[in-house]
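Colleague: Before I use this model, I would like to know what stands behind the words used for it. Could you go through them with me?

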Amino acid sequence: MRILALESSCDETAAAVVEDGRTVLSSVVASQVEEHRLYGGVVPEIASRRHCEAVCGVTRQALEQANMRLEEVDALAVTCAPGLIGALLVGVNFAKGLALAARKPLVPVHHLRAHIAANYITSPGLKPPFLCLVVSGGHSHIIQVEDYTRLRVLGRTRDDAAGEAFDKAARAMGMAYPGGIEMDKAAEQGDPLAFPLPHPTVDGSPYDFSFSGLKTAVINLLHNAAQKGESLSVPDLSASFRKAVVDCLVKNFVRAAQDTGAETLVIAGGVSANSLLRRRLEEECASHGWRFCRPDLSLCGDNAAMVGAQAYFEYQAGFLAGMSLNACAAMDIAQQPALQGL
């Protein structure tokens with residue numbers, strides 16, 4: 001089964017053709033990073049306008065790369081939640097138009113479910129059940145994946161997401177957007193023990209995260225140094241901050257794996273590209289005898305291939321949408337978009 005998938009939840013306009021949920025026939029991404037870098041972050045109105053300009057082109061290119069015509073695909077899929085509402089609406093309405101014109105089924109896909117599904121492409125043998133750490137600019141979740149379309153949230157952030165904390169701390173250090181990537185590079189040259197930073201926990205919720213205090217601690221260090229006319233080592237501060245965030249992520253994830261008896265651990269989302277997080281989890285899984293899966297770096301960020309991968313399993317479960325499908329800015333990953341009356 002070949003699915004044409006679309007993604008427009010934030011600042012990447014993407015289209016892909018995916019076969020049977022695991023084989024990518026084409027994948028095209030139009031990034032807006034350079035434009036949003038001027039503003040230090042994503043500007044929703046600009047993102048929506050750029051999606052309108054790019055969506056036709058990336059869709060046409062994805063079909064051409066797959067050597068297919070629209071009439072030859074078996075279904076259309078689109079990210080409908082969560083994300084920037086204006087950006088989501090562009091993809092949803094474009095997909096609805098294509099599905100209506102081509103008389104093809106339409107599959108609504110949850111963005112975080114799609115991130116998890118990126119692992120089905122990188123690791124074709126991966127099957128539920130498994131435990132997944134989803135970490136991105138807007139989300140930090142520990143998810144128990146019971147089946148392809150049945151997921152349960154075990155833990156989540158109470159404030160900032162890990163990726164958001166990376167980006168904000170990096171901006172305070174003077175790094176360009178997206179700061180998380182730049183911080184990861186700088187941290188490789190620094191001393192992770194140079195600055196003793198807090199490791200926040202959430203009382204009574206051992207799997208939940210809190211990163212706002214950690215971010216504030218870094219900002220205070222920078223402000224105090226500036227007031228004294230001093231400068232701090234950016235590589236050392238980057239390494240110390242990265243270590244603190246990764247320590248929190250790994251500690252809770254490993255605890256959840258031990259408590260649930262998980263045998264396979266998976267990471268997903270933009271922060272799953274973080275080099276220290278990957279190394280630490282590889283080591284932890286090796287020491288516990290767990291299988292560890294992570295997406296290729298090209299699939300960590302937003303893309304449509306992951307949407308097409310998850311859409312295959314949603315389609316198999318019968319979760320389709322009609323022309324009444326709408327976008328939704330916020331939706332729990334355990335919810336099924338096709339059943340929410342969007």
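Modeller: What follows takes the terms one by one; the model is a predicted one.

Colleague: What makes the protein chain agree with a compact globule?

Modeller: For 342 residues, the globule rule expects a radius of gyration near 20 Å, and the protein chain has 20 Å, so the two agree. Along the principal axes, its C-alpha atoms fill a box of roughly 65 × 45 × 35 Å.

Colleague: Why is strand 2 called largely enclosed?

Modeller: A residue counts as buried under 20% relative accessible area. In strand 2 (residues 12–19), 7 of the 8 residues are buried, so the rest of the structure largely encloses this strand. Over the 342 residues of the protein chain, 55% count as buried.

Colleague: How do you know that strand 1 and strand 2 pair?

Modeller: Pairing requires at least two bridges between the strands. Strand 1 (residues 2–7) is joined to strand 2 by 6 bridges, and the two strands run antiparallel. E7 lies opposite A14 of strand 2. With 4 residues between them, strand 1 and strand 2 form a hairpin.

Colleague: What makes strand 2 and strand 3 a pair?

Modeller: The cut-off is at least two bridges, and strand 2 has 8 bridges to strand 3 (residues 23–31), in the antiparallel sense. Here T13 faces A30 of strand 3. This hairpin has 3 residues between the strands, and D20 takes a positive phi near 55° in it.

Colleague: How many helices and strands are in the protein chain?

Modeller: The protein chain has 10 helices and 10 strands.

How values were computed: Residues are numbered from 1 along each chain as its sequence is written. This is a predicted model: local features need pLDDT of at least 70, side-chain atom pairs count only at pLDDT 80 or more; totals for chains, interfaces and linings use all residues. Side-chain values use heavy atoms; hydrogens and water are left out. Buried means under 20% relative accessible area, exposed over 50%, partly exposed in between (1.4 Å probe, protein chains only). The radius of gyration is taken over C-alpha atoms; the globule rule is 2.2 Å times the number of residues to the power 0.38.
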